[in-house]
Structures are given as C-alpha cells and as structure tokens.
Amino acid sequence: MADDRRPHLVVFSGSGISAESGIQTFRAGDGLWAEHPIEEVATPQAWRRDPARVLNFYNLRREQVRRARPNAAHKALAELERQGFRVSIITQNIDDLHERAGSRNVLHLHGEILKARSTVDARMQYPLPRGGIELGDICDKGSQLRPDVVWFGESVPHFGEACEIVAEADMLLVVGTSLAVMPAASLLEHAPLDAPSVLVDPEAAALAPPGVFRISQPAGKGVPELVRHWRREGRLWVPETLLG
Ligand code: APR
C-alpha cells in the first residue's frame, strides 16, 4: 500500500523462531545438517544422484511441520498485525507456522514444504495438504514433482522482492537465525539507515552484526515481550531493558 502511513515492522525469521514448536534448526551440534549432510539431501546434485533419498528427507520434514503448532512468537507477531500495525514477514522457513498463527503478509525466501512443484516449470505448483511426494508423482506436463524449496546452489527467486520490503521498514526484527546463509543474511543491509534492527536469538550477542541491537532470549520469550511494549505504546521502538 503506497499510502500506508502506519509504522512498518519487517520481520526476518529463521528456523530458531520455530524451534519452540518442535522443528529442528540446522546448524546446531544436533541440528538437521549434522544428521543429514547438505550435499546428500539439499542440492541439485543430490537430487540428480538420489531423488528418492531427497524426497524421503523432505517427506519427513513435512510430517514434522504438520504436527507442529505456532508458538508464542508466531502468535505475538500475528496479534500485532491484528492490532493494526503494518507487519511484513520475510521468512527463511519452509514451514507455515507464521500463516497458521494468523500473519497475512508472509514471503517465503526458501520456499514452502507444503507445496510440490514441477521439475520442468517452477510456476507449476501444487499444494500438499496431506501425504508426501513419491518417485513417479508428476506435474501436468508429465515431469517428476519435487518439493518447492530452494536448494543450496539454486537462486532465490523472491530475493529482490524481499529487499524492496526491507527497504521500506521502520524497524527490522530479526528472529532465530544464525545469518550464515547468503543472500538471505545480506537482507539486513537493505534496511534504511534510520530504521533500527534488532536480533532476538539466544546467541544474539555472538551473531548480531555491528549496529544491530541484541536480545539474547528464545523467540517465545523475547518476541512477545517486544510486542507487548509496541502494543502498549502504539509505536515501534527498542526498549533498553530487553537488550543484552
Ligand atoms: N529462539 C530463537 N532462536 C533460536 C532458538 C529459540 N528458541 N533456538 C535456537 N535458536 C537460534 C540459534 O541460536 C541459531 O542462531 O536459531 C538459529 C538457527 O540457525 P541455523 O540453524 O543456522 O538456521 P537458519 O539461520 O534458519 O538457517 C538459514 O539455512 O540451511 C539453510 O535453508 C536453510 O533456511 C535455512 C537457512
């Protein structure tokens, strides 16, 4: 909305926001990539070498997502929007927990696990309300279906759109991401100079780039606290009492 004058919160979330919903993060010692090496399940080469293994990996992830429920962090962000704040969410997550909490403006940078897509035409997408993708499941053009996720080595189709959204932020709230993956992590550089950025992550002190405020708490605690302050005062700001 070009004439929307409401303060604009842009949220950039990573797997940490869904950790308290029971979804594994990636780079922890017991994270997903320690159990399933990236090059075996999340690259175009892995897909060519062993598509059944890749499909199985994402079928398991999909079941995990279906069982999960939005947590206090997802819910607080949706509530802020319902209260009349302008909230745009850019997520690296392939789960649908922001949507299920009630957020309406959600951009999935790395795709959506609850969708399949054609291997010959990325625009041909199919919702997966139940079940998984098996070898032999084909699109309307007769090609094998794959998960609608962005693998390592693939381009990030919505990155340009995400940069434009961040460039219109009055506040950038980064939640639960190690900022290890490009180009996603470089989104922070697109925030306007006068828009504060804050990272909510138990490891915030170690992870936040210079100039980014740090709230070293789990998302389920830090995000609702921030949102409570914003709703109470009707504006976006960084309360010093939460920092550290
Ligand atoms: N609340 C907030 N953050 C948490 C919590 C929690 N309860 N628990 C863990 N974290 C934080 C960790 O401290 C870490 O900084 O979540 C972050 C998870 O980091 P990664 O495992 O690197 O995941 P993420 O940043 O989401 O990865 C980005 O990498 O593998 C790709 O495509 C995948 O979208 C993913 C991208």
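This is a predicted model: local features need pLDDT of at least 70, side-chain atom pairs count only at pLDDT 80 or more; totals for chains, interfaces and linings use all residues.

Numbering runs from 1 along each chain as its sequence is written, and side-chain values use heavy atoms, with hydrogens and water left out.

Start by colouring 1–23 + 69–110 + 155–244 as domain 1 and 24–67 + 114–149 as domain 2; these bounds come from an automatic or database domain assignment. Taken over C-alpha atoms, their centres are 26 Å apart.

Now select the ligand. Why does it lie between the domains? Because domain 1 and domain 2 both give residues to the shell around it.

Next, show that shell: 22 residues surround the ligand, and the closest are R27, W33, T177, S178 and D201 (a residue is near if one of its heavy atoms lies within 4 Å). Colour the shell by type and you get nine nonpolar, nine polar and four charged residues; here Asp, Glu, Lys and Arg count as charged, Ala, Val, Leu, Ile, Met, Phe, Trp, Tyr, Cys and Pro as nonpolar, and the others, Gly among them, as polar.

Zoom in on the polar contacts, pairs of N or O atoms within 3.5 Å. Pick S178: one of its polar side-chain atoms is 2.5 Å from a ligand oxygen. On the backbone side, a polar atom of S15 lies 2.7 Å from an oxygen of the ligand, and one of G16 is 3.3 Å from a ligand nitrogen.

Definitions and conventions. A polar contact is a pair of N or O atoms within 3.5 Å; within protein, one must be able to donate a hydrogen and the other to accept it, and residues adjacent in sequence count only if both atoms are side-chain atoms.
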